[in-house]
Amino acid sequence: MSTRELIFDGKEKKIYSTENPDIVLIHYNDVTTAYGGIKRAVIKDKGICNNHISALAFQVLAKEGVENHFISLENDREQLCRRIEIIPLQVVVRNRLAGSTARLLGVANGTVIPNTVFELRYNNDRLRDPMINDTHVLALGIVSEEELKRIYSLTAHANEVLKEFFHKAGMELIDIKLECGRTSDGKIILSDEISPDNCRIWDEKTGEVLDKDRFRHDLSDVTVSYQKVMERLEKAYEV
Ligand code: C5P
């Protein structure tokens with residue numbers, strides 16, 4: 001890839017241009033951050049696990065009709081994806097109440113709920129990604145009303161597919177942070193990554209935490225957990 005140029009240097013991922021203006025190369029590294037970057041560490045081989053988990057998840061999502069940016073897995077740490085214009089919106093989809101929302105609402109971590117909860121956050125480091133609602137999104141002109149509808153239906157569909165994706169490997173999807181982007185022809189598709197870094201995944205039988213909460217809460221064996229998630233999924237999907 002001779003025309004590789006760094007176009008985005010994130011904490012946990014780097015994005016490079018390719019000779020095709022509509023395609024980028026995403027490189028997953030081992031840096032892990034939490035609490036808005038206050039907590040930071042290098043977790044050996046985390047990037048390899050996340051690259052593989054994300055690639056598999058995006059392929060299953062595409063097969064189930066959830067349009068997303070993934071094109072192909074290039075190697076252990078890199079994947080080719082469609083270039084998108086970033087929409088500064090995070091959609092947190094919750095199948096149980098955990099983490100910040102459990103604290104906000106004063107309920108036990110992991111509280112079972114009868115419906116799916118959707119939260120929007122304005123992706124803005126300076127403001128620490130504040131929670132916003134639909135009317136804020138429209139007031140700020142982040143997306144149009146039509147596009148917001150599309151974002152809700154895309155993320156709801158993705159959540160249903162991903163619940164089954166993890167369930168097939170004996171894991172429960174507690175919540176997930178999803179992001180969407182706009183393609184050069186104006187279409188909204190799912191982007192970012194699907195990995196233990198941006199969702200909560202618990203072992204269905206034992207309740208063992210298998211995601212970034214292990215790092216956030218100083219639990220042991222973060223790498224082992226990420227590897228476990230990858231290996232279980234690869235076994236379930238015969239990769
Ligand atoms: O902390 P909170 O409970 O709001 O997180 C909800 C979900 O969103 C978790 O799965 C967490 O890993 C993910 N998240 C994320 N990036 C953030 C904040 C939360 O991926 N900046």
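A residue counts as partly exposed when its relative accessible area falls between the buried limit of under 20% and the exposed limit of over 50%. In this predicted model, Gly170 comes out at 23% relative accessibility, so it goes in the partly exposed class.

As for where it sits, Gly170 is in the loop that links helix H4 (145-167) to strand E12 (171-178). Setting aside residues up to four places away in sequence, Gly170 touches Trp202, Asp203, Glu204 and Arg232. Leu80 is another story: 90 residues separate it from Gly170 along the chain, and their C-alpha atoms are 29 Å apart.

## Helix H6 and its buried side

H6 takes in residues 222-236, 15 residues in total. From first C-alpha to last it reaches 21 Å, close to the 21 Å expected at 1.5 Å a residue. The buried residues of H6 are Val222, Ser225, Tyr226, Val229, Met230 and Leu233. They cover an arc of only 135° around the axis, so they end up on the same side of H6.

What do the buried residues of H6 pack against? Their partners are helix H1 (46-63), H4, E12, strand E15 (199-203) and helix H5 (213-216). Following H6 comes Glu238, with a positive phi near 50°.

## Around the ligand

The ligand is surrounded by 14 residues, and the closest are Arg94, Ser100, Arg121, Asp175 and Arg216. On its own the ligand has 450 Å² of accessible area, and the protein covers 82% of that. Strand E9 (89-97), helix H2 (99-105), E12 and E15 are the elements that each give two or more residues to the shell around the ligand.

## Asn29, between E3 and E4

Another loop residue to look at is Asn29, which lies between strand E3 (23-28) and strand E4 (31-34). Is Asn29 buried or exposed? Its relative accessibility is 14%, so Asn29 counts as buried. Leaving out neighbours within four places in sequence, Asn29 is in contact with Lys11, Glu12, Lys13, Lys46, Gly47 and Arg77.

Methods:
Residues are numbered from 1 along each chain as its sequence is written. This is a predicted model: local features need pLDDT of at least 70, side-chain atom pairs count only at pLDDT 80 or more; totals for chains, interfaces and linings use all residues. Side-chain values use heavy atoms; hydrogens and water are left out. Helices (H or I, at least four residues) and strands (E, at least two) are DSSP runs, numbered from the N terminus. Buried means under 20% relative accessible area, exposed over 50%, partly exposed in between (1.4 Å probe, protein chains only). Contact means heavy atoms within 4.5 Å. The expected span of a helix is 1.5 Å times one less than its number of residues. The arc is that of the directions from the helix axis to the C-beta atoms. A residue is near a molecule or strand if one of its heavy atoms lies within 4 Å of it. Accessible areas come from the Shrake-Rupley method with a 1.4 Å probe; for residues, only the protein chains shown count as cover.
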